Amino acid sequence: MLKIWGRLNSVNVQKVVWAVRELALPHALTEAGGPFGGLDTPEYGRMNPNRRVPVIDDGGFVLWESNAIVRYLAARYGAGALWPADPCVRADADRWMDWQTTEWQPAQGPAFLGLIRTPEAQRDSAAIAAAVKRSTACALLLEQALRGRDFIAGSQFTMGDIPLGCAAHRWFGLPIERPETPHLAAWYRRLMMRPAVQGVLTLPLS
């Protein structure tokens with residue numbers, strides 16, 4: 001059975017659990033990180049020297065870094081589905097996974113931490129405003145990419161939609177003003193109707 005270490009209010013753990021559920025893989029989640037602790041033990045350090053979540057153990061193969069885990073699971077268990085057979089479609093999905101990690105998630109970070117996990121009296125309003133501006137610019141870029149597409153790589157739901165969907169869930173869940181993004185919103189609604197995401201992406205954000 002696939003083993004996962006992490007906590008479900010981590011956006012990176014959400015990616016992995018969602019992918020696992022899309023693939024209908026038997027799995028066990030050990031709560032770790034944040035209030036659950038456990039990352040400073042020697043055992044955890046041997047699995048992930050960065051001491052972050054998530055980590056998986058798939059029959060003795062240990063892997064960390066959330067998008068790498070999603071790619072691995074898609075390639076091993078979802079060929080032709082989460083892992084598109086067409087290399088061009090696969091590369092399209094793959095680049096959006098990287099974009100989520102390098103652009104949209106970092107842009108959102110200060111706004112999410114400031115508005116969701118920081119008491120109001122301690123918030124850095126300037127940092128939050130800057131993060132909202134940056135993350136909104138990313139959302140508008142994604143809005144254009146989704147024009148005429150059901151999913152990020154075309155008509156098929158792929159691995160690329162999972163990290164993006166987790167980031168979109170945070171963006172739509174933030175208590176901020178947002179511009180109209182009809183294509184992004186329609187895509188997000190399609191994702192949230194999938195059985196595998198139920199109980200993984202929830203509101204309110206925490």
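This is a predicted model: local features need pLDDT of at least 70, side-chain atom pairs count only at pLDDT 80 or more; totals for chains, interfaces and linings use all residues.

I started in strand 4, where Val-55 has Trp-64 as its bridge partner. Residues are numbered from 1 along each chain as its sequence is written, and side-chain values use heavy atoms, with hydrogens and water left out.

**The sheet**

I looked up strand 3 (residues 55–58) next: with strand 4 it pairs in the antiparallel sense, over four bridges. Two strands count as paired if DSSP finds at least two bridges between them. Four strands make up an open sheet in the order 2-1-3-4, with mixed pairing. At the edges I found strand 2 (27–31) and strand 4 (61–64), each pairing on one side only. Helix 1 (residues 11–22) lies across strand 1 (2–6), strand 2 and strand 3, and runs at about 155° to strand 1. Axes here are lines fitted to C-alpha atoms, for helices over the stretch in contact, and angles run from 0 to 180 degrees between N-to-C directions.

**Helix 4 and its partners**

What is the angle between helix 3 and helix 4? Helix 3 (residues 66–77) packs on helix 4 at about 160°, with the axes 10 Å apart. Helix 3 and helix 4 are therefore roughly antiparallel (under 35 degrees counts as roughly parallel, over 145 as roughly antiparallel, 65 to 115 as roughly perpendicular, the rest as oblique). I listed the contact (heavy atoms within 4.5 Å): Asn-67, Val-70 and Arg-71 in helix 3 meet Asp-94, Met-97, Asp-98, Gln-100 and Thr-101 in helix 4.

Then I checked helix 6 (residues 161–173): its axis comes within 9 Å of that of helix 4 (residues 87–116), and the two cross at roughly 20°. That makes helix 4 roughly parallel to helix 6. On the helix 4 side I noted several residues that meet helix 6, including Trp-96, Trp-99, Trp-104 and Phe-112. Among their partners in helix 6 are Pro-163, Leu-164 and Trp-171.

**Domains**

I noted 15 residues of domain 1 in contact with 21 residues of domain 2.
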